[in-house]
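Subject: Structure handover

Hello,

Here is the structure I said I would pass on.

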Amino acid sequence: MMARTVAVRQPSLLRRMARENSTVRRLDGLMLVAVAGLCVIGTLLVWSSTRTWAPGSTGLVKKHLLNEAIGVVLCGVVAMVDHRAMRAYAPVVFALSLVGLTLVITPLGATINGSHSWILLGGGFAVQPSEFAKVGLLLIIAMLLAQPAEGTDRPRGLDVMLALVAAGITVGLVMLQPDLGTALVLGVITAAGLIISGVRKRWIGMLTLVAGAGVFSVFYFHMLEPYQVARFTAFVDPSVDPRGVGYNSTQSMIAIGSGQLMGKGLLGGGQTTGRFVPEQHTDFIFTVAGEEFGFLGSVTVVLLLGVVLIRGLRIARQCEDRFGTLVAGTIVCWFAFQTFINVGMTIGIMPITGLPLPFVSYGGTATFANLIAVGLLQAIKVRRQSFN
């Protein structure tokens with residue numbers, strides 16, 4: 001007599017996701033909602049700022065949606081990987097980022113908007129390796145500084161030196177492009193990693209002196225391109241040449257101010273439609289929010305970015321292993337600095353440096369890097385217990 005086969009019913013995907021110990025339940029939902037909100041707002045602003053000049057009635061919005069979709073996939077993949085296991089892959093990621101930066105200064109590199117920092121892929125697509133370098137640098141710094149010296153809670157002096165060498169090589173390759181804005185972000189990532197790791201004050205003092213000497217050398221030896229010098233001149237006095245070097249700053253403040261409290265409505269901004277502000281879909285996209293969504297809309301964008309930063313800080317504080325804390329804390333400093341610079345330059349309190357607004361500005365590589373960083377934060381949130 002043949003035995004009867006009993007079919008075991010497998011729980012549905014939704015039920016598995018709803019389990020208390022499931023990975024999905026442990027994700028930081030509030031951060032993901034804030035990031036999604038910023039991406040939606042960014043898509044609307046890209047549509048408004050490119051529909052009058054880019055091919056097709058939708059401007060660059062379809063390409064932007066494709067970039068966001070790829071970024072979401074990358075975010076999900078990274079979130080599923082144990083962040084503590086990434087310590088083993090940090091040197092590989094860092095080495096690949098250096099390869100990309102090196103390729104830029106070869107004949108494969110291309111110049112866009114005065115910066116030789118791109119590699120053209122064809123079909124209208126291009127990649128900017130300096131964006132991936134942010135991820136590579138923060139991972140290698142976190143790996144090097146995560147292991148404290150015996151009997152202390154501070155990293156070893158040799159590891160600090162190696163971290164500074166890694167940062168120096170990365171910043172040096174970026175400055176060869178030259179890309180001062182990205183170099184500043186890399187400097188903030190390095191400083192954040194050192195401070196969070198608890199290095200001795202003499203290291204911070206030495207780093208401050210070296211940074212000061214570097215800034216002095218850049219100006220003394222005239223290492224900046226003419227357009228970069230013009231940006232600093234416009235920051236000091238935008239009225240010195242409102243139709244020349246001060247044009248971007250003047251027009252961006254006019255666009256933001258014209259939105260007043262409620263804004264002119266989506267697609268209703270005269271400054272945006274008339275393309276009075278250059279690069280309004282990338283570096284100056286905050287001016288579109290100010291003109292069309294007004295003060296309330298601009299504040300909403302800033303608040304959503306603030307939610308991402310606050311949740312990132314919470315993840316860093318609750319993580320019980322040094323590597324995760326370093327990665328999360330450094331990402332927060334990266335996003336905070338870039339947000340402050342981007343918003344600040346559109347309202348005239350910071351010089352123009354060509355940094356995009358995280359999750360909002362148009363751009364493929366920047367979108368990928370930002371969402372990969374969010375994936376890292378989610379991976380740390382899911383597996384925040386200490387790792388031995």
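This is a predicted model: local features need pLDDT of at least 70, side-chain atom pairs count only at pLDDT 80 or more; totals for chains, interfaces and linings use all residues.

Ile195 counts as exposed, because its relative accessibility is 55% and the cut-off for that class is over 50%. The residue is found in helix H7, which covers residues 180-197.

Some overall figures. The protein has 388 residues, and buried residues make up 46% of them. Its secondary structure comes to 14 helices and three strands. Of the contacts between residues at least 6 apart in sequence, 71% join residues at least 24 apart.

Helix H13

Helix H13 runs over residues 322-346. From its first C-alpha to its last, H13 reaches 36 Å with 25 residues, close to the 36 Å expected at 1.5 Å a residue. The helix is mostly covered, with 19 of its 25 residues buried. Gly348 follows H13 and has a positive phi, near 90°.

Is Thr330 buried or exposed? With a relative accessible area of 3%, Thr330 falls under the 20% limit and is therefore buried. Leaving aside neighbours within four places in sequence, Thr330 is in contact with Leu138, Ile189, Ala192, Gly193 and Ile196.

Val343 also has its place in H13. Val343 is buried too, at a relative accessible area of 14%. Not counting residues up to four places away in sequence, Val343 touches Phe286 and Leu357. Twelve residues along the chain separate Val343 from Leu355, and the C-alpha atoms of this pair are 9.7 Å apart.

Nonpolar cores

In soluble globular proteins, nonpolar side chains tend to be buried together. Here, the largest nonpolar core has 77 residues. Those with the most contacts inside this core are Leu137, Val327, Ile331, Trp334, Phe335 and Phe359. Which residues does Phe359 touch, not counting those up to four places away in sequence? They are Val35, Leu38, Cys39, Leu305, Val308, Phe335, Asn370, Leu371 and Val374. There is also a second, separate core of five residues, which includes Val277, Phe284, Met345 and Ile352.

Cysteines

How many disulfides does the structure hold? The count is zero. Cys39, one of the residues that Phe359 touches, has its sulfur 9.4 Å from the closest cysteine sulfur, in Cys75. A disulfide needs the two sulfur atoms within 2.5 Å, so this pair is too far apart for a bond. Cys39 is buried, with a relative accessible area of 12%. Cys75 is likewise buried, with a relative accessible area of 11%.

The sheet

Three strands form an open sheet in the order E1-E2-E3, and the pairing is antiparallel. Strand E1 (109-112) and strand E3 (125-127) are the edge strands, each pairing on one side only. From one strand to the next, the twist averages 55°.

E1 pairs with strand E2 (residues 115-122) over three bridges, in the antiparallel sense. Gly109 has Ile119 in E2 as its bridge partner. Helix H4 (residues 86-104) packs on the sheet and touches E1 and E2. The direction of H4 makes about 100° with that of E2. The pairing of E2 with E3 is antiparallel and also runs over three bridges. In that pairing, Leu120 has Ala126 in E3 as its bridge partner.

Regards

Note on methods:
Residues are numbered from 1 along each chain as its sequence is written. Side-chain values use heavy atoms; hydrogens and water are left out. A nonpolar core is a set of buried Ala, Val, Leu, Ile, Met, Phe, Trp, Tyr and Cys residues joined through side-chain atoms within 4.5 Å. Buried means under 20% relative accessible area, exposed over 50%, partly exposed in between (1.4 Å probe, protein chains only). Contact means heavy atoms within 4.5 Å. Helices (H or I, at least four residues) and strands (E, at least two) are DSSP runs, numbered from the N terminus. The expected span of a helix is 1.5 Å times one less than its number of residues. Two strands pair if DSSP finds at least two bridges between them. Axes are lines fitted to C-alpha atoms, for helices over the stretch in contact, and angles run from 0 to 180 degrees between N-to-C directions.
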